[in-house]
Amino acid sequence: MDKITKDNLDKLAAQLAEKQPVFAPQEDSSGVVAYDWYSGKKKLVWGVKTRRSAKEAYFPQSETLLKYRIRDGKVEQENKEFTSALVLMGIHPCDARSFTMLDKLFGWDYDDERWQERRKNSVIISIACPGPISEGCFCMNFRGNPFGTENVDVLLAKDGDAYHVKVASEKGEKFIKDNSKFFSEDGDEGRFGQLQQKAETSFVNSPRIDDPDIWKRMQQNFDHPIWRELSLKCIECGICTWLCCTCHCFDIQDEGGFGGKRERIWDGCSFKEFTKMPSHQPRPAYFQRYRQRIMHKYGYFVERFGMIACVACGRCIDHCPTNIDITQILNKLNQVLPAEGEKAVCNE
Amino acid sequence: MTDAATETKSTDVKEWRPTLVAFLCNWCTYAGADLAGTSRLTYPADIRIIRVPCSGRVDPLFLLRALQDGADGVLVSGCHPGDCHYTAGNYYARRRFMILRELLDLFGIDLERVQFSWVSAAEGIKWSEVVTDVTKKIRDLGPAKGLFAPRREMP
Amino acid sequence: MSDIENALREHARQLLTDKTVKAVIGYEKGTESIKATPAFILRPEDADRLIFDATCVHNLVKFAIRFRGKVAVVVKVCDMKAVISYIQEAQKKREDFYLIGLPCTGIIKRDQMIAAGKTKLEEVTAEFISPKCPACDYKYMLEPDFYAGERQEVRVSEVAVETGYEVDLMKMTLEERRKFFDDLSQKCIRCYACRQTCPMCYCLQCIVDKNQPQWVNHSIYADNNQMWHLIWAMHLAGRCISCGECERVCPQELPLRVFHRYLVAKVKEHFDYVAGQSTEGKPPLNMYFLGDTENFIR
Amino acid sequence: MSKLFEPYLMNVEEVITETVDTKTLKLGFADPEVAEKFTFRAGQFGEYSVYGKGEATFCIASSPTRSKGFIECSVKKFGRVTTELHELNVGDQMGFRGPYGNWFPLEDMFGHNLLFVAGGIGLAPVRSIIWNCLDMRDKFKKVTILYGARSVDDLVYKRELEEWGKMNDVELILTVDPGGETPEWKGHVGFVPTTLEKVAPAAEDCKVVTCGPPIMIKFTVLSLTKLGFADKDIITTLEMKMKCGLGKCGRCNIGHIYVCKDGPVFTYEQIKQFPQEF
């Protein structure tokens, strides 16, 4: 087992960034810690919960798909090239776990090459959480782990000023060998396990999901009146969607006149325009849009891909302007929805 | 950015000529500009005229979008107060642009790039003077490079 | 439980029992420390959930628009300006509201408190009080239908303008201001939480969502973000009621109110108008005087 | 597929004005290699893009048996992209991605009576399957087409309606909404479901394909059920806003169904299982 000091971690990021894009948590001028592409201008901050999730590395909020130019009605188009060899540093284990879910989506039937290529060619260096790093954290309730190694190549665990290193994949082993000058021999072999145990036990007080199998009952209660009541608080902004690890809906828009580009841009089901067609709006009411978000994560996605589309990072809980707490919503549903196999009687 | 605008920009810096977008009220300034033409008055040809029904029709969005899409300056011109074809359009416009100017000033855009004038249908001479003066000012300021913040593309 | 809360619950229960209102919109305890959340009380027996303390930061008036018919809303002194503007702009009628006033001594800035490691209401100090609160004069510009607790005396506010803003933009040069806004718009992620929470943004379809023509492009590059901020500031010029909700909800913690604070001051200077003071009259950009200044026009 | 979002360049070869607000575009592939390889089934859709304005989803309106190397689409002027599609002239270029989605179960329809019920621009996908069936006429028994529009002027594919009317082995029933008729109008007057009940086609051994505005589909299906058609014999195609067509962008969700991948063609039996949100 190896060890790396904090100073060396900063230096490692700076050195890697000379050759390839490095995605790492940095502090911006308003004091918000968020993942960004390393440019050396902002301060690197390790182990603090980032404001936005790591999906941005592979699936940026807006991305140019192609460029075009029109001359006399004739079109020239050119697919936009992209870099796929990325290094993702300081990723939270929950963020890394979310890639499993998005892999399923971007890889079913049609392969999204932008996602897949980047996934394949990038290295993920994760920093384990010493416990809940914000009030919203509840990953242990949803089969996550503060020391989880799903999709992770190298896992670092903070201990004082240094990090213990756990190699989690072959790619990670190669990465450490290539950058061996930053790492040193770790004397204390058992320490990593101790830290992990400590972190896991500290999750006792985090928000609890009463019944993680709630999805089985949600689908049959699509028309339950509870949805109307639950959605009253929602102001329909995009915070939960934009900050979420697994929200993946997008829009494709053209920008420019005779020369321009086609952009892929995040979109969210809480916005009215999401499903609006000129002739027809399938989800005209507040509660329908809100229900879509919850149902998609905990109902439809499970049915389609066999897993809940939530890694329990708690960002939506922490930053919702009106404090809509997803764990509370699930617990409330758990209380009011009838047992499996029965259907609620809709009185509206 | 239109083709014409791109091509103007791509030419040699020495020969740089500004792109000036003007929103003219149909009833006064547009007729005034017409008069300037029929009177054979000359003024710089850097101006691109967009005819609107009234200066009150000019939404701040028009000006902002022109600036975003590469205009080096914008000009709004309408009827003198009291002469509006629709009675009061220019009065509303006056208030709106007063606030827009304050906002753009706060935002760090040189106010010389955003110009307003009242030119009536009889003032062909005034129109040619206004255009000459505005164009000169914007030429002195130079190209509006990054009038809006540069884009940051993802790798 | 304080007297205010007692009176509030008692009255809410009464209102719902004799069906004066459809719902009572108030505050209840949130799921995280020092956080309240909007509560929609539809049944008399739920009235006991209502609370009121310094964590009740939200402006609840916008939620009232969602209900048809009469609803009771808990309004702080600052929120009342939204009610006034709704009546002034003919979005709601006075009789659609049942207004519940209460004595408020200031609300907290939760994000800053959490960042400073303070998680209890007792730890609130002056620096964690919202900047709009010291400037408050405790005077309801529209008389509420019911007042919970003991009536607060109108005071002369401690400070003339809001405090707590370090950035004084007009002292900067043009280039510095540009840099400041470039930085701001690079960070914006266009979640539109500012728009959605703004009580004065009630359009059925926002200009940025209209696509014929597409005035503001959807991608989040800085120039498009600036278009959004500028056009939003323009649409709120003379209408912004300075409630500070946009800044509170911003997930990127952007100082969004720099635009609005500046325009509020300028509207006052040019047109001698302050939004949310009277249900009569029109917002300044919807009217004109023959003698308005025009020194900037050739 | 390596370039998932890169459309094929298409040449506009012909523009046919169907009604005041509907045009049919005949699009040929700019790349002859693609034109050679391209195949589709009746009922599939594609993403049509006008560069600079965006993409929109429509079905392919031509029949696979009759369009080799080109496709046709019929567009009603509604939103941003459709308006721009109407501006295109012969010789202009646009983009097309596809074909996506499933298709009408042609093989299941062999040996049965067929009933096609369409309203307004909803005839476009149905036209594709009608021509497909008529080109293998001996595989089917009786063929009935019921088509309605708001007014006589709003009937699309007038030339082909005439052609179908002349065919001996096709029964064509036309109807217009009350108030939309002209003095010369010889067809029925009444909404599509009403006319359907009046005509009352036999339900035995019959497959129905229906498409139209959502409200029409809803009542047509009710009428069909009343006439004794089985749920599994009623086939319709759904309309949802789509952006990618690939089952990724998430906006065509109806429950766990992605209309762009599992649909757009569904039987009424399937639709009954979905959450009522479309």
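Student: Which residue is the bridge partner of C:Gly101 in β5(C)?

Tutor: This is a predicted model, so take the pairing as computed. Strand β4, residues 97–101 of chain C, pairs with β5(C) in the parallel sense over two bridges. In β5(C), the partner of C:Gly101 is C:Tyr147.

Student: And what order do the strands of that open sheet in chain C have?

Tutor: The sheet is open, has five strands and shows mixed pairing. β2 (36–41) and β5 (146–147) of chain C have a single partner strand each, so one side of each is left without a neighbour in the sheet.

Student: What angle does helix α1 of chain C make with β1(C)?

Tutor: Helix α1 covers residues 3–17 and packs on the sheet. Its contacts take in β1 (24–29), β2, β3 (71–75), β4 and β5 of chain C. Comparing its direction with that of β1(C) gives about 140 degrees.

Student: Now helix α3 of chain C: how many of its nine residues are buried?

Tutor: α3(C) spans residues 80–88. Its buried residues are C:Met80, C:Lys81, C:Ala82, C:Val83, C:Ile84, C:Ser85 and C:Tyr86. The helix is largely enclosed by the rest of the structure, because the number of buried residues is seven of the nine.

Student: Which hand does the crossing of α7(C) and α9(C) have?

Tutor: Start with the geometry: α7 (residues 222–236) and α9 (residues 257–271) of chain C pack at about 35 degrees, with axes 10 Å apart. The crossing of α7(C) and α9(C) is right-handed.

Student: How do the residues of that contact of α7(C) with α9(C) divide into nonpolar, polar and charged?

Tutor: α7(C) brings C:His229, C:Ala233 and C:Leu236 to the contact. From α9(C) come C:Phe259, C:His260 and C:Leu263. Sorted by type, they give four nonpolar, two polar and no charged.

Student: Over to chain A: which element supplies the largest share of the side of domain 1 that touches domain 2?

Tutor: Chain A is assigned domain 1 (2–201) and domain 2 (215–336), and their C-alpha centres are 25 Å apart. In the contact, 32 residues of domain 1 of chain A meet 27 residues of domain 2 of chain A. Both β5 (62–71) and α2 (93–107) of chain A supply at least two residues of the domain 1 side. The largest share, nine residues, comes from β5(A).

Student: How does that domain 1 side in chain A divide by residue type?

Tutor: Remember that this side has 32 residues. They split into 13 nonpolar, nine polar and 10 charged.

Student: Last one, chain D: how do the residues of the side of domain 1 that touches domain 2 divide?

Tutor: Chain D has domain 1 (8–100) and domain 2 (106–237), with C-alpha centres 24 Å apart. There, 16 residues of domain 1 of chain D contact 15 of domain 2 of chain D. β1 (8–19) and β5 (70–76) of chain D each give at least two residues to the domain 1 side. That side divides into six nonpolar, seven polar and three charged.

Notes
Residues are numbered from 1 along each chain as its sequence is written. Chains are lettered from A and ligands numbered from 1 in the order in which they are written. This is a predicted model: local features need pLDDT of at least 70, side-chain atom pairs count only at pLDDT 80 or more; totals for chains, interfaces and linings use all residues. Two strands pair if DSSP finds at least two bridges between them. Helices (H or I, at least four residues) and strands (E, at least two) are DSSP runs, numbered from the N terminus. Two residues are in contact if their C-beta atoms, placed from the backbone, lie within 7 Å. Axes are lines fitted to C-alpha atoms, for helices over the stretch in contact, and angles run from 0 to 180 degrees between N-to-C directions. Domain bounds come from an automatic or database domain assignment. Ala, Val, Leu, Ile, Met, Phe, Trp, Tyr, Cys and Pro count as nonpolar, Asp, Glu, Lys and Arg as charged, and the others, Gly among them, as polar. A crossing is left-handed if the near helix is turned anticlockwise from the far one by less than a right angle, and right-handed if clockwise. A residue is buried if 20 or more other C-beta atoms lie within 10 Å of its own, exposed if 12 or fewer, and partly exposed in between; C-beta atoms are placed from the backbone.
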